[in-house]
Amino acid sequence: MRTIVCGVDRSPAARAGLRVAASVANDLGARLVAVHVLDWCAEVGPTAERVAASILYDEIPDSGAEPRGEVGDVAERLAAVAHEENAIMIVLGSRRGRSRTLLRARCAAELVELTLVPVFSAPRQLAGRRAARDLHSVESKRGVR
């Protein structure tokens with residue numbers, strides 16, 4: 001079965017990215033794995049898998065998506081999970097704002113360097129719509145086939 005991996009955290013952008021990933025997974029008949037990565041230096045608290053499960057419950061309950069928790073560098077762990085799961089795509093929510101944009105862009109750029117799996121930075125505008133249809137529309141306008 002095809003699998004989509006989605007990086008999640010508690011940010012609105014990541015939550016929107018998860019909704020886009022769920023829509024794409026549904027449209028493609030793919031399995032969705034939501035991955036929350038804790039930094040090596042993270043304080044003791046909820047485990048990464050519980051955070052992922054909580055976000056899934058809040059955003060896409062009853063979707064059948066699977067939570068997964070990891071510890072380490074975000075880009076490295078997402079690339080590793082995508083490889084382990086034989087993923088067809090990695091989805092990240094896109095962020096706006098000065099400091100967070102740089103951080104997210106760095107993670108996405110590192111991820112692209114670490115894996116051959118396509119990385120999709122999901123615009124928040126797609127979160128409430130049929131994502132696969134809208135993604136195809138965006139690709140058509142840009143001449144991507």
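Leu38 has its place in strand 2, where strands (E, at least two residues) and helices (H or I, at least four) are DSSP runs numbered from the N terminus. With a relative accessible area of 22%, Leu38 is partly exposed, a class that lies between buried, under 20% relative accessible area, and exposed, over 50%, as found with a 1.4 Å probe on protein chains only. Leaving aside its neighbours within four places in sequence, Leu38 is in contact with Pro46, Thr47, Ala48, Glu70, Val71 and Gly72, contact meaning heavy atoms within 4.5 Å. The C-alpha atoms of Leu38 and Gly72 are separated by 6.2 Å, although these residues stand 34 residues apart along the chain.

This is a predicted model, in which local features need pLDDT of at least 70 and side-chain atom pairs count only at pLDDT 80 or more, while totals for chains, interfaces and linings use all residues. Residues are numbered from 1 along each chain as its sequence is written, and side-chain values use heavy atoms, with hydrogens and water left out.

His36 also lies in strand 2, and because its relative accessible area is 8%, His36 counts as buried. The side chain of His36 reaches the backbone oxygen of Val8 at 2.9 Å, a polar contact in the sense of a pair of N or O atoms within 3.5 Å, where within protein one must be able to donate a hydrogen and the other to accept it, and where residues adjacent in sequence count only if both atoms are side-chain atoms. Beyond its neighbours within four places in sequence, His36 is in contact with Val8, Asp9, Ala48, Val51, Ala52, Arg68, Gly69 and Glu70; of these, Gly69 is the bridge partner of His36 in strand 3.

Strand 2 (residues 31–38) and strand 3 run parallel and are joined by six bridges, two strands being counted as paired if DSSP finds at least two bridges between them. The open sheet has five strands in the order 3-2-1-4-5, with parallel pairing. Its edges are strand 3 (66–71) and strand 5 (119–122), each of which pairs on one side only, and from one strand to the next the twist averages 25°.

Helix 1 (residues 12–28) lies across strand 1 (3–7), strand 2, strand 4 (89–93) and strand 5, running at about 175° to strand 1; here axes are lines fitted to C-alpha atoms, for helices over the stretch in contact, and angles run from 0 to 180 degrees between N-to-C directions. Twelve of the 17 residues of helix 1 are buried, so that the helix is mostly covered, and among the buried residues are Arg15, Leu18, Val20 and Val24. Gly29, whose phi is positive, near 65°, follows helix 1.

Helix 3 (residues 74–84) packs on the sheet as well, touching strand 1, strand 2, strand 3 and strand 4, and its direction makes about 135° with that of strand 3. At the start of helix 3, a side-chain oxygen of Asp73 reaches to within 3.2 Å of the backbone nitrogen of Ala75. Ala75 is itself buried, as are Leu78, Ala79, Ala80, Val81 and Ala82 of helix 3. Asn86, with a positive phi near 55°, follows this helix.

Turning to the cysteines, Cys6 counts as buried because its relative accessibility is 0%, and Cys107 counts as buried at 11%. A search of the whole structure finds zero disulfides, a disulfide being a pair of cysteine sulfur atoms within 2.5 Å.
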